[in-house]
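Student: Let's go through this model together. I'd like to ask about one thing at a time.

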Amino acid sequence: NAGDVLVELPRESCLVLMDDAELPFPEFCTNELWAKLTEQNKWAVKVALNLLHERSLGEASPFRVYIDQLPKQFDLLSQWSDDELRLLQYPAAARAAEGQRKEDDAAFELVRKHSPATLQNPAVTKESLVWALNMVRSRVFSGRLSDNAQTKKNLLPKALAAGTAFAAFLTSQTQEGRWLAVFAMLALVVFDKEPEPGEEGGAKLAYVLMPLIDAFNHASLPTKTEFEFSAAAFRLRSPTRVKENEEVFISYGALGNDELLVRYGFVALDESAVEHDTYVYQGLAAWLDANHEPCRRAKGADGARTKQIRDARLETYVSQGVFRGDGTADANLEWALRCALATPEEWAKAGGTCDGFKLGGGAPEKRAREALAAACAARLAEMETSVAEDEATLAGGDVQDRARVAVQYRLAKKRILSRAVQKYA
């Protein structure tokens, strides 16, 4: 039944690494490396080394059974070839793969430079470090552990509840903003704790690998997965009623296919997943300026208006337009286009400010919708395959593994564009 305990894990059965922990295995790596990882906030590398250390112990590790059942390979985008990435037909995903590769390379370089003896251990190679990092990316839970005996409750996940981290990464105009989004993509915050009365600073941040709990598959559930935790144990309760012989799913959060593919290596095509997906139309402004006649005429025709649009920080939304899973454009994108496509008379009637077009309606709204429909139709037409072709490919069953995932992913993106065309035409 909903609310029944599915799994209860004593804390000692989990791989727990406190954020401020001193080097727990000086025979495995150097304090110099540990300090550098702390300085650069490379917590994922710390957890990966913790996992590799336990694996290096073999039969002597109390976590041997857990480690033995982990996937021997975990196929994330960083391991795809450039040709395979092109099958996604979405350059943003290829850049995410490049970002993962750079993270992997940087992690190995830190170990090589600051703890070269670690690489003398047969358990630590570039390949094994990447494997461990992929385990961390897809399985780690982070939050604050309380030594208080009282059970605390929270929902999964906290950092990614809005499901917009990937879009934030792509559209952020500052390096700082991008890194904030990347951090949100990396950590599932499942529990947090405010300081108890008389407790200074609250509970300490911890990173946890939870056997069995991390093996549940994801579904976009209408109710969120509930965790209970204390200093002694972690519990996972059923998010819904489950029939006999029916698979139990948990929700990894309100995640679109960008996050699911980048972090977990799979794509969701069910209708319940649509609302969490996005399409980031990179180069939207350039296409409109070059190909959509009303936008071409408006471009540069009114310098004062262009400055107002820029001052209202609406240009960004046009340069990289974001569409939600149901095909709806970001509200600020529509607002920006209404401002840009209003006639001089309409602009003056609205007070000569962007605020006058925030609510929409009228002829400027119609022009904005026509521009969005034209742009999305053009993007669909320039893709190497159509929606119908991708659907036929999947139905035929001839593609497998990465090729199949690529078709599923690009089909989900094309369906967003198709919905946008239908919505705005």
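Tutor: One term to start: two residues are in contact when heavy atoms lie within 4.5 Å. This is a predicted model, where local features need pLDDT of at least 70 and side-chain atom pairs count only at pLDDT 80 or more, while totals for chains, interfaces and linings use all residues. Residues are numbered from 1 along each chain as its sequence is written, and side-chain values use heavy atoms, with hydrogens and water left out.

Student: How many helices and strands are there in the protein?

Tutor: Both are DSSP runs numbered from the N terminus: helices are H or I with at least four residues, strands are E with at least two. Counting that way, the protein has 19 helices and twelve strands.

Student: Which residues of α5 does α1 meet?

Tutor: Helix α1 covers residues 31–39 and helix α5 covers residues 91–114, and their axes come within 8 Å. From the α1 side, Glu32, Leu33, Lys36 and Leu37 make the contact. Their partners in α5 are Leu110, Val111, Lys113 and His114.

Student: At what angle do α1 and α5 cross?

Tutor: Axes are lines fitted to C-alpha atoms, for helices over the stretch in contact, and angles run from 0 to 180 degrees between N-to-C directions. By that rule, α1 and α5 cross at roughly 145°.

Student: Is the crossing of α1 and α5 left-handed or right-handed?

Tutor: Picture the near helix turned from the far one by less than a right angle: anticlockwise makes the crossing left-handed, clockwise right-handed. The way α1 passes α5 is right-handed.

Student: And which residues of α19 are in the contact with α17?

Tutor: Helix α17 (residues 362–382) and helix α19 (residues 401–424) pack at about 145°, with axes 8 Å apart, and their crossing is left-handed. On the α17 side you'll find Arg369, Glu370, Leu372, Ala373, Cys376, Ala377, Arg379 and Leu380. The α19 side gives Lys414, Leu417, Ser418, Ala420, Val421, Lys423 and Tyr424.

Student: How do the residues of that α17 and α19 contact divide?

Tutor: Ala, Val, Leu, Ile, Met, Phe, Trp, Tyr, Cys and Pro count as nonpolar, Asp, Glu, Lys and Arg as charged, and the others, Gly among them, as polar. Sorted like that, the contact of α17 with α19 has nine nonpolar, one polar and five charged.

Student: Is His292 buried or exposed?

Tutor: His292 sits in the loop between α11 and α12. Beyond its neighbours within four places in sequence, His292 is in contact with Trp287, Glu370, Ala371 and Ala374. The cut-offs are under 20% relative accessible area for buried, over 50% for exposed and partly exposed in between (1.4 Å probe, protein chains only). His292 has 11%, so it counts as buried.

Student: How far apart in space are Leu9 and Ile213?

Tutor: Leu9 is in strand β1 (residues 5–10) and is buried, at 9% relative accessibility. Leaving out residues up to four places away in sequence, Leu9 touches several others, including Met210, Ile213 and Phe234. Leu9 and Ile213 are 204 residues apart in sequence, but C-alpha to C-alpha the distance is 8.7 Å.

Student: What is the phi of Asn41?

Tutor: Most residues other than glycine have a negative phi. Asn41, in the loop between α1 and α2, is not a glycine, yet its phi is positive. That phi is about 55°.

Student: And what is the phi of Asn245?

Tutor: Asn245 lies in the loop between β9 (233–237) and β10 (249–250). Asn245 counts as exposed because its relative accessibility is 78%. This residue is another one that isn't glycine but has a positive phi, near 70°.

Student: Which element gives the largest share of the lining of the largest cavity?

Tutor: On a 1 Å grid over the protein atoms alone, a cavity is a set of points where a 1.4 Å probe fits but cannot get out, and lining residues have an atom within 4 Å of a point. The largest cavity is lined by 13 residues, with Ala268, Val274, Asp277, Ala412 and Arg419 nearest its centre. By class, that lining has six nonpolar, two polar and five charged residues. The largest share, four residues, comes from α19.

Student: How much of the protein is buried?

Tutor: The protein has 425 residues in total. The share that counts as buried is 48%.

Definitions and conventions. 1 Å grid on protein atoms, 1.4 Å probe; cavity = no way out; pocket = protein on both sides within 12 Å on 5 of 7 lines; lining within 4 Å.
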